[in-house]
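This report examines a protein model from its overall make-up down to single residues. Please keep the sequence and the structure in view while reading.

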Amino acid sequence: MKSSYAFAAAAVALSLVAVPALAPAPARAIGCISGGAAGAVAGHYAGHHAVLGAIGGCIAGHHMHKVQMQKKAAAAHAAATPEPTPMATPMPSATPTPTPS
């Protein structure tokens with residue numbers, strides 16, 4: 001086998017191995033689209049700053065979604081945790097205790 005074919009085969013094999021390592025990570029920008037759209041509209045009406053409004057709206061929308069998910073998780077945790085049962089109150093004694101005057 002010629003060395004150029006071996007080199008080409010090695011380059012192809014190396015590139016196929018490297019593809020998964022170079023693939024971009026999935027974005028977790030939930031809330032960014034709706035917040036960015038609202039921010040862009042608000043920024044446009046506030047002096048033609050739609051891009052700045054979109055950036056701020058994206059940040060705010062992502063934060064609001066994160067807070068909402070934390071509240072939902074806390075509510076689910078509270079619903080799953082049983083409430084403690086109150087301790088039985090002692091029975092009143094048959095003889096009344098004198099009160100100081």
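In which helix is Ala40 found? Ala40 belongs to helix 2. The model discussed here is a predicted one, and the report begins with its overall composition before returning to this residue.

**Overall composition**

The protein contains three helices and zero strands. Along the sequence, this gives the pattern α-α-α. The protein has 101 residues, of which 9% count as buried.

| Helix | Number of residues | Reach, first to last C-alpha | Expected reach |
|---|---|---|---|
| Helix 2 (32–45) | 14 residues | 20 Å | 20 Å |
| Helix 3 (50–80) | 31 residues | 44 Å | 45 Å |

In helix 2, the reach is close to the value expected at 1.5 Å a residue. The reach of helix 3 is likewise close to its expected value.

Which residues of helix 2 are buried? They are Cys32, Gly35, Gly36, Gly39 and Gly43. These residues lie on the same side of helix 2, because they cover an arc of only 95 degrees around the axis.

**Packing between helix 2 and helix 3**

The cover over the buried residues of helix 2 includes helix 3. In helix 3, the residues Gly53, Gly57 and Gly61 are buried, and the buried residues of this helix pack against helix 2.

Leaving aside residues up to four places away in sequence, Ala40 touches Ala50, Gly53 and Ala54. Ala40 and Gly57 are 17 residues apart along the chain, and their C-alpha atoms are separated by 7.3 Å. Is Ala40 buried or exposed, or does it fall in between? Its relative accessible area is 21%, so Ala40 counts as partly exposed; the buried class requires a value under 20%.

**The loop between helix 2 and helix 3**

After helix 2 comes Gly47, which has a positive phi near 105 degrees. The loop between helix 2 and helix 3 also holds His48. Although His48 is not a glycine, its phi is positive, at about 60 degrees. In general, most residues other than glycine have a negative phi. His48 counts as exposed because its relative accessibility is 65%.

**A nonpolar patch on the surface**

Which residues form a nonpolar patch on the surface? The patch consists of Val51, Leu52, Ile55 and Ile59, which together have about 430 Å² of accessible area. One of them, Leu52, is located in helix 3. With a relative accessibility of 59%, Leu52 counts as exposed, since the exposed class begins over 50%.

**Summary**

Definitions and conventions. Residues numbered from 1 in each chain as written. Predicted model: local features only at pLDDT ≥ 70, side-chain atom pairs only at ≥ 80, totals over all residues. Heavy atoms only, no water. Helix = DSSP H or I, 4+ residues; strand = E, 2+ residues; numbered from the N terminus. Expected span 1.5 Å × (residues − 1). Buried < 20%, exposed > 50% of the residue type's maximum accessible area, 1.4 Å probe, protein only. Arc of directions from axis to C-beta. Contact = heavy atoms within 4.5 Å. Patch = residues over 30% accessible without salt bridge, like charges linked within 9 Å, V, L, I, M, F, W, Y side chains within 5 Å. Areas by Shrake-Rupley, 256 points an atom, 1.4 Å probe, with all protein chains shown as cover. Salt bridge = Lys/Arg side-chain N within 4 Å of Asp/Glu carboxyl O.
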